[in-house]
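Here is a short tour of one structure, written to be read with the model open beside you. Shall we start with how its elements are named?

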Amino acid sequence: MNRIDKTFETLRQKKEKALVGFITAGDPNISDSFSIIKAMCKSGLDILELGISFSDPTADGPAIQRSSARALKQGINLRAVLEMTGRLREETSIPIILFSYYNPIYAYGAKAFYKDALAAGADGVLVVDLPPEESDEMTSQWPGDELDLIRLVAPTTPLERMIQIARSASGFIYLVSKTGVTGSDGLDTEDIKDKIGSLRSATKLPICVGFGISTADDVAAVASVADGVVIGSAFERLIEDNLDNPDLVSILANKVAEFKKATKIVTSQ
Amino acid sequence: MHNNKVVNNKYNQDKFPDSKGHFGIYGGRYVGETLMPALLELDEAYNTIVPDPSFQSEFKRLLQDYAGRPTPLFYAKRLSEHLNGAFIYLKREDLAHTGAHKINNTLGQALLAQRMGKTKLIAETGAGQHGVATATAAALFGMECRIFMGREDIRRQAPNVQRMKLLGAQVVPVTSGTMTLKDAMNEAMRFWVGAVRDTFYVIGSVAGPHPYPVMVREFQRVIGNETREQILRRTGGLPAVLIACVGGGSNAMGLFYAFMDDPLEMVGVEAAGKGIETGKHAATLGQGTIGVLHGSKSYVLQDENGQIKEAHSIAAGLDYPGVGPEHSLLKDFKKIQYVAIDDEQALEAFHALCVLEGIIPALESSHAVAWAMVEAKRRPKNEIIVVNLSGRGDKDLGIVSAYN
């Protein structure tokens, strides 16, 4: 059983849901970013999604676009993110998912990426613009299957396609709560509940929901129907609003603790 | 750097793209899951609706009665005599409605959108020609229209912004990145993700995810079909060389495709900007490496970490660090030769065509004219060069006067 499976198993026993945090590696700079992420991992994050910045993030809204731009200005690249992953692995035992667009991985080489990601202590990868139709070219170069490939299911994905996606997924399924880019407003819990219902008929994997979740109330609402809640833009906005604040690290850590608490108040299955 | 040998590697047109949109290793669909069902729906619609005779007859009627096709093939006598070499013929896409070849494609896509039941069109634009052509098609079909355009391009192509607004479109300024075509395309894709259920994204080049590269090629190949017939009728023979500028590559693909089995040379002209050696250029096929941008795999201008580099060209429509995937395959096949012309050479050609032929060309098309001037001088007088004059230059008067 790998770290991701173990995490969900433990949470099930504790009757908690997973708090999954997305954070752009290298924002606002590489050393502060490491301190922020380390503190978040120790404040209740169950799974870390470590964002690898890309110059043209077409699936992301303004908050993550700006955080990526800040990180790129600091000279972040895939090699540096893998190095940071290795250092984080010495500090935390929670699963680390590398979150990327395809081009940085393509430029690095799929085989080298697999080896170096595993060596650094990563548990999975989510490639936002690599649908099942194209992902063979990456996974066929992987010498093993120890790295989970996290798949996305969107509000526009029909049931038949959900089944097909679930078949090649591992770790957990990332359910995108709404059409639009990351950080969009508005959350429709009823709609999410319906989608999860359909998805449960297609897979036994845990289902984590992301996009548009920004408050502790949102977290509690989604945690009541899903196995995990993904927060990204809300963290990035908090970093952006506190770039010059000496308490930046503890502000992020406190926010994680607040969200984690909300994953423990679970009303229905 | 160049030889006069006829290039005739066999390019099997029927083989590309495959059912998933791959041109060899290029092309494909590299997009987020939210867009995948929309692309699959579009692919299905494209394969069933477009071949239908009723679609084809309406498309042909629009190209003829609305866009003004066929466009003339004009012998540029004074330019040819001035150069004292091969004969230069100009395919006058600048005379198509809205002033560029872009209208061929937007009429096709708008007609498809209408038959799919979509009520809103969005598009990215660089020089504004594709934006104007999309806004025009939207007005014609009574659809809502939103055009994404980089703030830098809004500044340098102001006349086209005004035209789009007059046509009833909303022009959305894009302020991310270099605020040019690449960023406009990023923003159009982001908007589409949120509006995918009722909105049709009209991509203006043979770029983007499948089926756009093949669809745009098919809607543009009328250029080459007409040209081939016109030159055979006029001269009884084929040209020695075809020349077109390449940004994303739609006018080049439109001209070249009818000639793929013919024994002649084809040259795609990229923008060398301020000079290849300065790094400020848009010579994607000449200088780029293979990568994934805007939904397909192709040559791109990027650094060793896979981050996309800024492009530069005086011509907003060529100022793009990517290129259509089929061009990448044709480059590898050595079926098409790709060269580059810098800002100054393009401006010289612009002025030459103004005073020698009474034609004000778009700065994009001026790159093709500039290469034709190079070719004409070194070719014998019995050879024919056909240049795709893809657009007119009214939009560029501000840039040209500011440069002097």
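## Ground rules

Helices (H or I, at least four residues) and strands (E, at least two) are DSSP runs, numbered from the N terminus. This is a predicted model, in which local features need pLDDT of at least 70 and side-chain atom pairs count only at pLDDT 80 or more, while totals for chains, interfaces and linings use all residues. Residues are numbered from 1 along each chain as its sequence is written, chains are lettered from A and ligands numbered from 1 in the order in which they are written, and side-chain values use heavy atoms, with hydrogens and water left out.

## A loop residue in chain B

Let's begin with B:Ile360, which sits in the loop between α14 (343-357) and α15 (363-378) of chain B. B:Ile360 is partly exposed, its relative accessible area being 39% (buried is under 20%, exposed over 50% and partly exposed in between, with a 1.4 Å probe and protein chains only).

Leaving aside residues up to four places away in sequence, B:Ile360 touches B:Phe350, B:Cys354, B:Arg392, B:Gly393, B:Asp394 and B:Leu397; contact means heavy atoms within 4.5 Å. B:Glu304 is 56 residues from B:Ile360 along the chain, and their C-alpha atoms are separated by 40 Å.

## The six-stranded sheet of chain B

Chain B has an open sheet of 6 strands with mixed pairing, in the order β3-β4-β14-β9-β10-β13. Two strands pair if DSSP finds at least two bridges between them. At the edges stand β3 (73-75) and β13 (337-342) of chain B, each with a single partner strand, so one side of each has no neighbour in the sheet. From one strand to the next the twist averages 30 degrees.

Within this sheet, β4 (residues 87-92) and β14 (residues 384-389) of chain B run parallel and are joined by 6 bridges, and B:Phe87 stands opposite B:Ile384 in β14(B). Helix α15(B) packs on the sheet, touching β4, β9 (241-245), β10 (265-273), β13 and β14 of chain B, and its direction makes about 170 degrees with that of β14(B). Axes here are lines fitted to C-alpha atoms, for helices over the stretch in contact, and angles run from 0 to 180 degrees between N-to-C directions.

## The four-stranded sheet of chain B

Another open sheet in chain B has 4 strands in the order β7-β6-β5-β8, with parallel pairing. Its edges are β7 (170-174) and β8 (199-201) of chain B, each with a single partner strand, so one side of each is left without a neighbour in the sheet. Strand β6 (residues 144-150) of chain B pairs with β7(B) in the parallel sense over 5 bridges, and B:Met149 has B:Pro173 as its bridge partner in β7(B).

## A covered strand in chain A

Over in chain A, how many residues of strand β2 (residues 47-51) are buried? The count is 5 of its 5 residues. In a regular strand the side chains alternate between the two faces of the sheet. Both faces of β2(A) are covered, with A:Ile47, A:Glu49 and A:Gly51 buried on one side and A:Leu48 and A:Leu50 on the other.

Strand β1 (residues 18-24) of chain A runs parallel to β2(A), joined to it by 5 bridges, and A:Val20 stands opposite A:Ile47 in β2(A).
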